[in-house]
Structures are given as C-alpha cells and as structure tokens.
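Subject: Handing over the model

Hello,

Here is the structure I said I would pass on to you.

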Amino acid sequence: MSSLLGPKDPATGAGWGNPPPRKGFFTDTSVCIGCKACEVACKEWNGVPEDGLTFLGSSYDNTGALGASTWRHVAFIEQPLPLGRQDDTSAVDLGMPSFDLPGATADPLVRTDFRWLMSSDVCKHCTHAACLDVCPTGSLFRTEFGTVVVQDDICNGCGYCVPACPFGVIDRRIGDKNTKNVGIAQKCTLCYDRIGDGQTPACAQACPTESIQFGDVDELRQRAAARLATLHENGVPEARLYGENPNDGVGGSGAFFLLLDEPEVYGLPPDPVVTTAHIREMWHMAGAPRRRCWSVPR
Amino acid sequence: MAECHPVGFQWVMAAKKRGATVIHVDPRFTRTSAVSDMHVPLRAGSDIAFLGGIVNYILTTETYFRDYVLAYTNASVILREDFRDVDDLDGVFSGYDPETGTYDTKTWHYEGAEPDSAAPGEETRTNESAHSQKERGAGHELGGHGANMGVGEIRRDPTLQHPRCVFQVLKRHYARYTPEMVQQVCGVPPEQFRQVCEAVTNNSGRERTTAWVYSVGWTHHTVGVQYIRGSAIIQLLLGNMGRPGGGIMALRGHASIQGSTDIPTLFNLLPGYLPMPTVDAHETLEDYLATISSPNQKGFWTAADAYTTSLLKAYWGDAATEENDFAFDYLPKLTGDHGTYQTVMDMLEDKVEGYFVIGQNPAIGSAHGKMQRLAMAHLKWLVVRDLNLIESATFWKDGPEIETGELKTGNIGTEVFFFPAASHVEKEGTFTQTHRMLQWRHKAVEPPGDCQSDLQFFYTLGRKIRERLAGSTLQRDRPVLDLTWSYPVDEHGEPSGDAVLREINGYHLTGDKAGQLLKSFTEMKADGSTSGGCWIYTGVYADGVNQADRRKPGKDQNWVAAEWGWAWPANRRTLYNRASADPEGRPWSERKAYVWWDAEAGKWTGHDVPDFVADKDPSYRPPPGASGPEGLAGDDPFIMQADGKGWLYAPTGLLDGPLPAHYEPQESPVLNPLYAQQSNPTRQVFRRKDNLQNPSAGEMGSDVFPYVFTTYRLAEHHTAGGMSRWVPYLSELQPEFFCEISPELAAERKLEHLGWATIVTARTAIEARVLVTDRVVPLRAGHKIIHQIGLPYHWGVGGNALVSGDAANDLFGVTLDSNVHIQESKVASCDIQPGRRPRGPALLTYVQEYRRRAGITIFTGNELRTGDPGSGGAAALMNDASMGDPA
C-alpha cells in the first residue's frame, strides 16, 4: 500500500531504492489546438482498441471520457467569452463558467466574443493512488518513475480500482472475447515501456504545440508555475494549475494541468481526495462495534 | 490551419509565444480561431471585398510603405489611355467579349509596352485566341515566373500623381471598398474590420512584417486567382514581399501537392512550369521556344530554351538530338481542355476509354460526385491505386446511384482494377512542401502484401508496355520505346528513388564534366549537352549529395536553417529577397536584415541565398534595349517578372482582369452590390442537363435556395477519407457526417441538435447529423441576414469503409475559374430541411420538385454577362427552344 497522506516521493515510498526522478505530464491547455494527435498516438503505441463509432455531438468531442479504451481524452468546451486573451492585457470580468445552450446568451449578430477551450485529459498518476491501494492482486503497482501501472497478466478484473479512482479514469475493458485484455482494468501507463527506454510517452511526442509536456515532475512544476505567472501577467487571471499541489487530496498528481476555467468546466473534480484517505478511520469504525460485541459479558 | 495542418501550426503557436498577433478570417470558427487573437467570420465567397477593403484602408490612411512601393512595384507605371475599369463598364474591364466570355487584354497593358509574345492573355505572336488560352488554363504557366511583356520603354510617374499611373488607378478602383461596403458584402462589422486593418498596417513597414496564409478556402472559387492577387496587392503596398516574416503562404491540401505542381500532374504543364505545347501553335521546338522564352524579354525566363532542351534530354536521352529538335515531336500536344472536369464530361460522351485514379477519390472528393460516378461508369477500364477500397473503386456496386436506380451494376461495362498502394512510410522519395522545400523521406518498412509504390507501379507499367511494343517499326511507338526507362531496382523490384532524384537534378552529358551532376540550373545548356528533369529542382543533388536529405537541427545553424532539406530554386528560402534591402542595397532595418549588398566585396550577401545576380551593383542600370537578366536594373528585385517589379496591377498574365474585382459566387443569395455584373464574367460554365445550377439573387426562384454552404476538413480526417475512414483510431474521433449550423438557423428551420437534416441543391439532396453550435454566427450583409451551413466533406456512400455517409461534394455543380480550371467547391447556395432525405428513386423526385419550384433550366445561373441590356438577358435565353426538360 502506498502512503495515504502528505507530500512524499511515491517511488521511494513503494520501496524502490534510489529511483530515477519522478516522471509526469504537464498539460498546458492554453496552447492545446484540439487536434487529438495525443489520442491517436496513445492508441497506436499501446494497442488500445477503438472505443465506439458514435457521434456524440458534444462539440468536436466524440470520445466522451477516459476509460479502459481511451487513455487520452480531449475535451472541447464552447463558451461565450472573449477570444485570445492569453496575450491581451485587459482584464475582463468572467463571471461564472457558463453552461448555457447554444444561442441562449448573446445577440447572434454581435456574437463575436467566443471561446473554444480544449484540454487533453489523462490518468493523474496520483501520489496517493487509491486504485493501487485497493488492488487485491498486486496488478496495479508503483513504478520506479513514481507512476501507476496495471499489469495485464496479473489483473483478474475484480474492478475494485474502478470506483476507487477519484477522477473516474480507470475502467475495465468491455468487448467481445477477441478484444485484447477484455474484462481487465486498463489506463494510461505513462508509456512505461517508452520511458524505461529513455523515450517520451507517445502522446507528448505527437503533440504539435507542446501542450503536453513530459519530464521530471519537479521540473514540470517549475515550468507550470512560470507559465501561470506569464498568463497572469498577461491579464488572464482565470488561468490556474490543477493537480500540481503536493498538499492536495491526492498528494499532488504526476500528471497536472494548466486550465483556463474552473475544473468542473472540463469535467474534472474540483477537489479530488484519494478515496482511501480515511481507510484507517473506516477500518476503526468497522472494527469498533465488533470490539464492543466481543466485550459483551457472557 | 490548426484544423488541416496541425503540425505546421506549431510554428504559428511558437510565433504567438514570441508576441505575434494571429488573426483568423474564416466563415467558420475552427480550432485555429480558438487560439487566435481575433476570429473574423465572413460570408463564404466574399474575400475580394474584404481584401479590397484593406487595400482601400491602406491607400486612404497612407499607411503603405512608400519607399518600397515606389522602388519595387509598378505603382508609378502609366497605363494605356483606352483601359477601362469595372466601374466604367458596370462590372467588366475593357476588352470583354460577351459572346465568348473572354477578354482581349491589350488595353490592360502599360503604355508603350508592346507585347512581344504569347504569354497568357496575349495573342500577338501565335494568334492563340483568348478562348484557347482559357481552354488550356493558361494561367497555370505562371506558377514559376511572371508573364512576358517585351522590352519596350515603360513610362513612369515617380510622383504617383498621373491620373493613369497604376497607383491612381488602384485608388479609384478600390475607392468603393469602404468599411460599409465590406460589411454589406462580407458581413464583417466596421469596428472589427478596422481592428484587422490596424493590426495589419501597424505590423508592417521597415521594422515589422506581416504574413498571409491561405488554403483552398481561397482557391476553390470562380475568382480564386484574384483572391490571391488581392493579398499580393496588400503585401506589396505594405512592403511585405521578399522580406523575412512576410509573404503569402499557400497551404496545400496534402503532402507534396506543391511537388505535384512543380513536377506536375496537370494536363497543361511540363515540369518546372514550362507550358505544355499546343497542337496548332507549336509544330517545332523553335515555335515553342519563341512563345515561352523570347530573347527580347527581360528577366530570367529567357533561358527557357536550356530548361526545355535539358528536359527533353532527360526524357529521351540519346534519341533527342539537335537534328530531330531534341525529340520535341515526341511530346504530346494539347488539342483543347483536358482538365479534370472536361475529361469527366468527355467520359460521359464515351470519348475516354480508360482512367487512372491514383491517390484520389473523385467519387467523393471532386465537385459533383454524381457526374464523376456516372462518368466512370462509361469507361471501359478504370485503374484505382489506393491504400483502401475507396468509393471510386466500388461505386459500381454500392454508390448512391445504385440506390436511386440511375446505375445498375449489371449494365456497367467498366472493368475496375484495384491496385493496393504503399503508404508514405513504405517507400522512399521526396515531399515538397509549401515553402518549396524538398525533404527526403526514407522507407521505414516494406509495403505489405501486393502493395507497391507509385514509382514501382509506373516503372513496371512502362516496362511492360515497352515489352509489348518491342520491335515495332511504327513511328507512333518511338516516344515510348526511346524513353530513358532504366533505373536500378532492389530485391523487391522497387526502383531507386535516389536515381530518379538524380535524373531530376540533371547531368552534364558531354565534355570534361560528362556524367557529373549539375550544380545549378544556370549550368543548363540549350545545345543538348545537359539533361535535367525539372530545371527548378536542379541543385537538389549538387556536389553528388542528396541535399533534400539534410536534417541539421535548427539550433545548430542560423535561423534561416538553410541546411534543413533543400528549397527550389537554388536553396533560397525566401524568394525575391533582394527586396529585403533598400534600393541602395542596405537592409530596411537592422531588425529585418536578410540579404544586403556588400560594397567592399562587390556582391550580395546575407542570411539567405540572395535571389539576385550575385555581383549586380544596386546602381546598375541596363543599357537601352537590353534583355534577359541584363535587362533588369540593380534595384529590380522581382527578377522573374519581365519588368523586375512587383505587380500591384497585372497588365498581362490573367484572363479575368488586371485587378481583383468582387464578383459573387456562381450560386449566391446575395446581389452583387458593386455593379450589375453578378459573377465572374469569364468563369467557365457548363450548360448541361446534368449540371443544373441554383438561381442566384436577381434570378427567378433564388428564394428556394436561401442559404450559403461551405465545405471543409476536420483535423481528424484526410480529404475524401481514403486515409482516415478505414482507420479505427481516426474514424472514432469523427464517426459521422454532420452539418454545423447556428442556433438561429436551427430555430428557423426546426433543426434539432443530434437530429438529421437534409441539404438540397439543384444537383441532389444529402443528409447529415445536426450539430448546433454558437461557433456558427449568422452574418448581416446589408439588410439581409445570411445563414451559413458548414459541411465537412470526408464521408461518402460505400460499403467498405469503417464509417460512411453522404458526400458533401455531391451538392456542388461544375463551374470553373477561367485562369486555372479550378472548380468552385467552397461556396454555393442550398436549402436545408429537418429529417432524413428520401431513399431510392424518391430522392430523384424530391430534387426534381425543387428544380421545378425554382424554375431551373440549363441557363439558370449560367449567364456570363448580367445586367447588360445588350446581352439578351435571362428572359430571352429562357425562351430558347433548347431549354428542354430540366430533369
């Protein structure tokens, strides 16, 4: 079991002696162009099967959500807000994130202030990873890079990890019997095979605009802080980091983000907490009545 | 650009990071708009007015780069007295012939410049008619150089005050393109338009430059060439040509489309933009050379005799001798229009027996899909080479016309041969990208199964044909038998791409250097002592090194990065870069220094390869009557132009006007507010029962098709889908054909998000899923609200792909631009209704009913000269007995 609380180096915590620096992603959504090259590169490299040929009509997103057969997911959010403010110096009152129906707000003939957010989501590789905590087979393990990986040949498909993930990332693969790893829990491995060979994960390699950056988590956190400062200086007060804080509910994630709006707008939980955070108390709560029970005089 | 060229778009993002302002002008809000500083939606087909408005702003605010304009453009040149502009003649320039729909362009010339030879638009030397030039798409020839114009004395007024000087003509021509007119035509509000004008002009001048980037949204129009001309005028006025960070960038539709124009797959061009000879004008090599490379011409095109002879030597080797005109007779000669669409119509008349479809999917990707499919059903044989069994290979069993009953599989006599093709990672060769840069690509894996490269296929086909003809004594077989057709092959029978590239580069054939590769096209000779497959590519194998295979990282060389790949001509990265220095040869500013004159060394130098005679002093002035390169002065930077100047006004070379003038698209619900002439009066129309057109504003029945639609691509798919709809990882990202509409149009037509819509034109009706989005904005053009419908064109009806759907291009008819035969497939009018389209023969009845309601005949929309009382008009034509059954 990994450590449950507080900042920590996860690889050391998992028993690796002298591990390499922790690896992760910094996804800067302010430069994402929504090309989905990350989704395709991920599937190509990892042999992830097609995830349904369904037209969702959710802007340009027909992927829907992360899952066993979708390890990168680009969200598209259409908003009636001014464009291109990353480089504008005029601060604008944003109000709350809007979920209005198309056409509900502005006069169409002046509907020129419009914003289309794109963001590539991925497994967070949490410092405190509940999926790993609850895995009874040891299939999910902490790698020397501090990432969390499923071992296909050990997973028995029990599915405990699925509700454990506070982000709804991991899932069991659905499909017919010919589908690879059907019934097995699947998610991003941060391309364990590639990074073990000194290479960049497929998604970051394919990203044309450096929206997905791969590297040492410590260095990426500095990069993210610098980018955030630049955006704030340029009058984008709504820019924020998500998942980079080692004191958050999952101890900071290995994959974190720069967002231009509230996390909920992107379909991310605003304050994720590792679902096993209270496992000790829960264990005590579960145990206490029994103790009381034992203490009943015969 | 983010949508169709996401990898190239990384550099726009990099520029943005360094402070560049990115403005996106597009009817549609795309992934590019999402990261731009400003998105300017405009009505599809209105760009000439938009660009014209910017020209007007530049001229009225006097924000042009005066020193540059005076020295490097033809602003001061005085035009002939008999030139008349569109405002004088209600929408046509002087010289228009309403009978043929063509111009006699002699009144467009500079005063005093006697046309010397038959460059496009002229007819003095060869008596080639304007009609014939239009037939062969003569405008294409100018891809590598400017039009010819002789060496006569040109009159100038350096004060730019003469009423007939280009500058004053420009001012008058553009006076009507006010912000209010821009709003009326384009639907762009004046305030937003002002912001664009200010951004462009503030970012141009000595210290700064602005670049324009366009794609087929500018070219697939009946006026596309004039769109580009419009941006050329802006760039010349602002001094943004030949300078770093400036220019006009054409983003091509696929990898190496630039390469397939340089070494063309076009009927009217030979490699290096040499025109294809015509049967009536070019009986001998001398005739041909006289029309393309007159010795009395200024500029660098005078050496075209060496380029042509070297090409003939590359084709026919020892069989090309001085005695036989270097086998000039072996070249096929044009007899008329053999463009794509004319060929398709010829198929329908059974004039074409066989057809090769290679890396193309005309059943889906070409305008008027039904005409394409019906035409292919007339062929005796059809060869399709592709990665997958595309719809052009299966239309005979599962095309839309099988469902409607227009085609019956058992009645189609076409024998279809499908050859699986090797993909780009399974073969070696070059890609030429939009920057004219050749990049060598290595083979990563062997092609699977029977898949072959195009090179292997054609090499083998040629060998087999030659085997069949071996021993023939017929003269007609000599061109094939005498071809140089021998390349080293590997163990899989794959010819060496490297050997082909060497052949393209060219060799010394005789003398001490015999057998050595040419270093530059300047070494080419007209006497048969050199060979070369494409003169502009000569140097790609200079010094025996594959220069296209260079991959020195940017960080290890200067910012021009001349050692990455190789750009034609002569590895120049920016053309006409003499213009980056002032007339005296000094950089316009330190910040924008690029190439400059080193007076001490007596030569041009700088960061790039100077695009100028290396030792020509800036003060050089040609002696009277000088021709060729010597005819150009030391401050004439546009060295492929016959006068060395950038053309604000094009006195020759274009078939549809010396200046861009706004014309409405072939099908438009908007009346041209500038003059009675509605559309381009020289566009190529086809009055056919199988090519009916929607009525436009001003014609009876135009209200039946009240909406504008445009087609485009999505990042997730590739063109007609041959490379993406068979790939699960791409298909799942955009699985279905959809239409993008505004919430307002959805309300007006009761269209439901995720429901179905039927879109109708005079050709057919198609169905699409509905995507309602704020990204589509209704535009106010004058008093009219314009609704635009966006259609990605990646899907098609067939049984083999992972995802299929109706094809957007089926909605278009065939109407072409007069300069280059490009179809108008980026804008047309339509109706949209909720629900799915009728199936089977009922679909035909449904469309027929629309035609009846709109009163459509073969003349509808096809009148070339509109509003001119002398031309007869639509009413007279509609009484014509040949009107016939519009079905």
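Strand 12 of chain B runs antiparallel to strand 13 (residues 437–441) of chain B, and 4 bridges join the two. Within this pair, Gly429(B) sits opposite Arg441(B) of strand 13. Both strands belong to an open antiparallel sheet of 3 strands in chain B, ordered 12-13-14. Strand 12 (429–432) and strand 14 (566–567) of chain B are at the edges with a single partner strand each, so one side of each has no neighbour in the sheet. Please keep in mind that this is a predicted model throughout.

A second open sheet of chain B also has 3 strands, in the order 9-10-11, but here the pairing is parallel. Its edge strands are strand 9 (354–358) and strand 11 (415–420) of chain B, each pairing on one side only. On average, neighbouring strands of this sheet are turned by 15 degrees against each other, with direction ignored. Strand 10 (residues 381–386) of chain B is joined to strand 11 by 6 bridges, and Arg385(B) has Phe419(B) in strand 11 as its bridge partner. Helix 17 (residues 391–398) of chain B packs on this sheet and touches strand 9, strand 10 and strand 11. The direction of helix 17 makes about 140 degrees with that of strand 11 of chain B.

There is a hairpin to look at as well. Strand 15 (residues 595–598) and strand 16 (residues 603–606) of chain B run antiparallel, joined by 4 bridges. Asp598(B) has Lys603(B) as its bridge partner in strand 16. Between the two strands lie 4 residues, and Gly602(B) in this hairpin takes a positive phi near 65 degrees.

Now to the packing. In general, nonpolar side chains in soluble globular proteins tend to be buried together. The largest nonpolar core here has 158 residues, of which Val166(B), Cys739(B), Ile759(B) and Cys830(B) touch the most other members. Helix 3 (residues 47–60) of chain B gives the most to this core, with 8 residues. Leaving out residues up to four places away in sequence, Cys830(B) touches Phe705(B), Tyr707(B), Phe709(B), Ile759(B), Val760(B), Thr761(B), Ile789(B) and Leu811(B). Another core, of 92 residues, lies apart from the largest one; among its members are Ala11(A), Trp116(A), Val236(A) and Ala239(A).

What about the two chains together? In the model, 44 residues of chain B are in contact with 36 residues of chain A. Several elements of chain B each supply at least two residues of the side that touches chain A, including helix 1 (9–17), strand 2 (38–40), helix 23 (743–749) and strand 20 (765–772). By class, that side of chain B has 24 nonpolar, 9 polar and 11 charged residues.

Finally, a word on confidence. The model scores ipTM 0.91 and pTM 0.92. Chain B has a mean pLDDT of 93, and 94% of its residues reach 70 or more. The pLDDT is below 50 over residues 116–126 of chain B, a stretch that has 46 contacts in the model beyond near neighbours in sequence. It is also below 50 over residues 869–887 of chain B, where the corresponding number of contacts is 22.

Enjoy looking around, and do write back with any thoughts.

Best wishes

Conventions
Residues numbered from 1 in each chain as written. Chains lettered and ligands numbered in written order. Predicted model: local features only at pLDDT ≥ 70, side-chain atom pairs only at ≥ 80, totals over all residues. Pairing = 2+ DSSP bridges. pLDDT = per-residue confidence, 0-100. Contact = placed C-beta atoms within 7 Å. Nonpolar A, V, L, I, M, F, W, Y, C, P; charged D, E, K, R; others polar. Axes fitted to C-alpha atoms, helices over the stretch in contact; angles between N-to-C directions. Core = buried A, V, L, I, M, F, W, Y, C linked by C-beta atoms within 7 Å. Buried ≥ 20, exposed ≤ 12 C-beta atoms within 10 Å, placed from the backbone.
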